[in-house]
Amino acid sequence: KINFIENDVFSYLRTLKELELESNLLKKISNAIFSYLDKLESLNLNHNKIIEIESMAFEKLTSLKRLNLGFNKIRILDENLFENLKNLEQLEINNN
């Protein structure tokens with residue numbers, strides 16, 4: 001199970017459309033993790049241990065349509081966290 005993601009780990013996957021990171025041990029989503037994934041349409045982070053999502057973590061995900069943050073330990077979300085997600089159609093944030 002994954003418990004940490006390096007900031008540039010996705011730098012060579014710039015055309016990636018779907019990313020499944022469910023059922024891992026991630027605790028924090030930093031600002032730079034997804035910064036190379038502007039073509040990403042679906043991101044699944046459910047069933048992790050996420051406590052913190054930095055305020056600009058999703059800033060570059062301008063093509064994102066589906067985001068699943070369910071079944072984590074999120075208590076606070078920055079008011080601007082989803083600001084750049086203009087194409088977002090589905091947001092799941094249940095059971096936090």
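Guide: Let's start with a cut-off: a salt bridge here is a side-chain nitrogen of Lys or Arg within 4 Å of a carboxyl oxygen of Asp or Glu. The model is predicted, so local features need pLDDT of at least 70 and side-chain atom pairs count only at pLDDT 80 or more, while totals for chains, interfaces and linings use all residues. Residues are numbered from 1 along each chain as its sequence is written, and side-chain values use heavy atoms, with hydrogens and water left out.

Visitor: OK, how many salt bridges does a search of the whole structure find?

Guide: The general idea is that side chains of opposite charge can pair when their charged atoms come close. In this structure the search turns up three salt bridges. One of them joins Glu54 to Lys28, with the closest N and O atoms 3.0 Å apart.

Visitor: Where do Glu54 and Lys28 lie?

Guide: Glu54 is in the loop between β4 (52-53) and β5, and Lys28 is in strand β2, so the pair ties together parts that are 26 residues apart in sequence. Strands are DSSP runs of E with at least two residues, numbered from the N terminus. Lys28 is partly exposed, at 42% relative accessible area. For that term, buried means under 20%, exposed over 50%, and partly exposed in between (1.4 Å probe, protein chains only).

Visitor: Which side chain meets Lys17 in a salt bridge?

Guide: That's Glu41, at 3.8 Å from N to O. This pair links distant parts of the chain, 24 residues apart: Lys17 sits in the segment before β1, and Glu41 in the loop between β2 and β3 (42-44). Lys17 is partly exposed at 44%, and Glu41 is partly exposed at 24%.

Visitor: And what does Asp38 pair with?

Guide: The side chain of Asp38 meets that of Lys39 in a salt bridge, 3.6 Å from N to O. Asp38 has a relative accessible area of 33% and Lys39 has 37%.

Visitor: Which residues form the negative surface patch?

Guide: A patch takes residues with over 30% relative accessible area and no salt bridge, joining like charges within 9 Å. Here Glu59, Asp78, Glu79 and Glu83 form a negative one. Glu79 is in the loop between β5 (66-68) and β6 (90-92), and Glu79 is exposed at 76%.

Visitor: Is Asn24 buried or exposed?

Guide: Buried, with a relative accessible area of 11%. Asn24 lies in the loop between β1 (18-20) and β2 (28-29). A polar atom of the Asn24 side chain is 3.2 Å from the backbone oxygen of Glu22.

Key: Patches are made of residues with over 30% relative accessible area and no salt bridge: like charges are joined within 9 Å, nonpolar side chains (Val, Leu, Ile, Met, Phe, Trp, Tyr) within 5 Å. Accessible areas come from the Shrake-Rupley method with a 1.4 Å probe; for residues, only the protein chains shown count as cover. Lys and Arg count as positive and Asp and Glu as negative; His and the chain ends are not counted. The place of a charge is taken as NZ of Lys, CZ of Arg, CG of Asp or CD of Glu. Helices (H or I, at least four residues) and strands (E, at least two) are DSSP runs, numbered from the N terminus. A polar contact is a pair of N or O atoms within 3.5 Å; within protein, one must be able to donate a hydrogen and the other to accept it, and residues adjacent in sequence count only if both atoms are side-chain atoms.
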